[in-house]
Amino acid sequence: MCGIVGYVGRRPGQPIILSGLRRLEYRGYDSAGLAMVEPDRLAVVRAVGNLDSLFAAADGLDSSSCTGLGHTRWATHGRPSEENAHPHQDCGGRISIVVNGIVENYKSLREELVGRGHVFTSETDAEVVVHLIEEHMGDGLAAAVRETVARLDGHYAFCATSVDEPGLIVGTRHEAPLVVGVGDGEMFLASAIPAFLCHTKRMVVLEDDDVAVVRADGVTVTDVAGGPVDRPAQEVPWDDDAAEKGGYETFMLKEIYEQPTAIADTLAGRLDDDGGVDLSDVGLSDDLLRRLRRIYIVACGTSYHAGLVASYALERLARVPVQIEVASEFRYRDPVLDAETLVIAITQSGETLDTLVAMRLSRAAGAPVLALTNIMGSQATRDADAVLFTRAGLEIGVAATKTHTAQVAALLLFTLHLAEVRGAAPTDELIRVGRALRNVPQDVQAYLDNHRGLDEIAERYHDRRFFLYLGRHTGFGVCLEGALKLKEISYIPTEAYAAGEMKHGPIALLDEGSPVVVVATDGPVYPKLVSNIEEVRARKADVIAVASEDNTAIDELATAVLHVPRCDPWLAPIVAVVPLQLLAYRIARLTGCDVDQPRNLAKTVTVE
């Protein structure tokens, strides 16, 4: 969640660090700070609120230092305040640290440090890090960081600087992201690549318990014991333009319109003209896939909805029992896992802690784990037995859009492959679905090019205080995702239900004019859904239907209809979610909400 930016080089670091923090705003934060290493002192400013407050505070700093750290904080331990904002300093004001994550044993460490005379100035768990470093500075900053890591429990990444060793930053990570940007005579550390992407496309991806000793002329990586570790530099697979709005009014809108490309790139090289699937790059043997007796899908939020949508196709086409689980609950169920149970872990960032913990639990129990992620080099790629990458490109908006549809497309690819390997579905059916999947990017583009009536619907209903979303079969997962989008970015209370459950409680919420969004694309349960629509109309609620094009009959049933291109029912969820993304977007804009940085939310949840 928190954003870390470090710089050491030949240029004044303050504007570079502040610019990097600006590029990490999408991760969510409530306070921010900056520390520059000056001759014989640290120049530190901190501020509560958005980065404008920090920029104003930093105006008076006027630092020419070429080494420094910046941070955006999302509060976990301690309220949002200037005292709790990072960077934190040691008792002598000569060491500065920024931390992402949680130090779980901070209470015992704090008591121990206070007992030895250390003075704490914040309520945070993170401040224990700088005082531990202070105690071990006898052999220098790098050695002190290694000694400190050995005392910490939890999941964290942190960077440290010292007035006594100018031109040096030491960083480390444990179950939280940290990467090193490699420039020409300058180096960067950051919790996410966009922070330095305008300066360099070369990076070193750190692994858990690596300690990176970073100077302007390069980086040396060791393990906690001080032994050398080889971490070669690699190219970032995005351009800096990917982190800019490209003429769109917001990142979210840009990313909605990037979905045809994101889906096409995810399918590229994996799906041929005849609908055949090649997933040889994933790393799961056909023998393992044939032996499978069960699949668990574990994920959080939007990724969970993608997994739910795909679970129907996995069971129907591949004939494997599928259980979809919220990652944060999975490990507390004591799930039954073995070598014939595949766990598919879905995490856009590859750093979602609950999903990572579920993956480790699964592997420890002997179950193979397939990670579905968008980020090369992320923790999930190292914790999994096999990896299926989406190729959605950088997603800045907190509310996921293109990564969701890319996830569904990738899961359907895997479904077709699994069904073929197991001989579980007729070949002609798999070919038909595969060929239709190739056309999905064009179907999404067709809707984006012509979404008639959507703006009028948003204008009519944007001031309503409650929405109900209804769907059946794969449409239920679409409804959950559509409702989440509306809640996330407009703050309007919204419920999503399987339509058959409406009479078991949610129908009591309806009165005259209540907006009810119904996903009613063609499929095996469409006739049942029509009956549910009639029940909604009988309560004088307004039905907003998402329906397949040329379905004119539904026009007589619904108050408003959003027609999407007709496609194979297994693929309809990819197309049908797009109008719900746009509807949420238009309503949020009409109500004046910040769609790129919704309140209280963060792009990557790296704490439980």
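Analyst: What follows goes through the salt bridges first, then the sheet, and then the nonpolar cores.

This is a predicted model, in which local features need pLDDT of at least 70 and side-chain atom pairs count only at pLDDT 80 or more, whereas totals for chains, interfaces and linings use all residues. Residues are numbered from 1 along each chain as its sequence is written, and side-chain values use heavy atoms, with hydrogens and water left out.

Side chains of opposite charge can pair when their charged atoms come close. A salt bridge is taken here as a side-chain nitrogen of Lys or Arg within 4 Å of a carboxyl oxygen of Asp or Glu, and by this rule the count comes to 37 salt bridges. One of them joins the side chains of Glu-351 and Arg-173, at 3.7 Å from N to O. Because Glu-351 lies in the loop between strand S17 (341-347) and helix H11 (353-364) while Arg-173 belongs to strand S8 (residues 169-174), the pair ties together parts that are 178 residues apart in sequence. Helices (H or I, at least four residues) and strands (E, at least two) are DSSP runs, numbered from the N terminus. Glu-351 counts as buried at 7% relative accessibility, and Arg-173 counts as buried at 1%, where buried means under 20% relative accessible area, exposed over 50%, and partly exposed in between (1.4 Å probe, protein chains only).

Asp-210 and Arg-231 form another salt bridge, with their closest N and O atoms 2.7 Å apart. Asp-210 sits in the loop between strand S11 (202-205) and strand S12 (211-215), and Arg-231 in the loop between strand S13 (218-222) and strand S14 (234-235), so this pair ties together parts that are 21 residues apart in sequence. Asp-210 is buried, with a relative accessible area of 3%, whereas Arg-231 is partly exposed at 23%.

The side chains of Arg-589 and Glu-249 also meet in a salt bridge, at 3.4 Å from N to O. This pair links distant parts of the chain, with Arg-589 in helix H18 (residues 572-590) and Glu-249 in the loop between S14 and helix H6 (251-257), 340 residues apart. Arg-589 is partly exposed at 37% relative accessible area, and Glu-249 is partly exposed at 40%. Elsewhere, Glu-112, Arg-116, Glu-135 and Arg-151 are linked in a network of salt bridges.

Turning to the sheet, eight strands form an open, antiparallel arrangement in the order S3-S2-S4-S1-S10-S9-S11-S14, two strands being paired if DSSP finds at least two bridges between them. Strand S3 (41-48) and S14 each have a single partner strand, so one side of each is left without a neighbour in the sheet. S11 and S14 pair in the antiparallel sense over two bridges, and the bridge partner of Met-203 in S14 is Gln-234.

Val-182 lies in strand S9 (residues 179-182) and is buried, with a relative accessible area of 13%. Leaving aside neighbours within four places in sequence, Val-182 is in contact (heavy atoms within 4.5 Å) with Met-187, Thr-200, Arg-202, Met-203 and Val-204.

As for the nonpolar cores, each is a set of buried Ala, Val, Leu, Ile, Met, Phe, Trp, Tyr and Cys residues joined through side-chain atoms within 4.5 Å. In the largest, of 96 residues, Ile-295, Phe-414 and Tyr-469 touch the most other members, and H18 gives the most to this core, with 13 residues. Apart from it lies another core, of 29 residues, among them Tyr-7, Phe-188, Ala-192 and Val-236.
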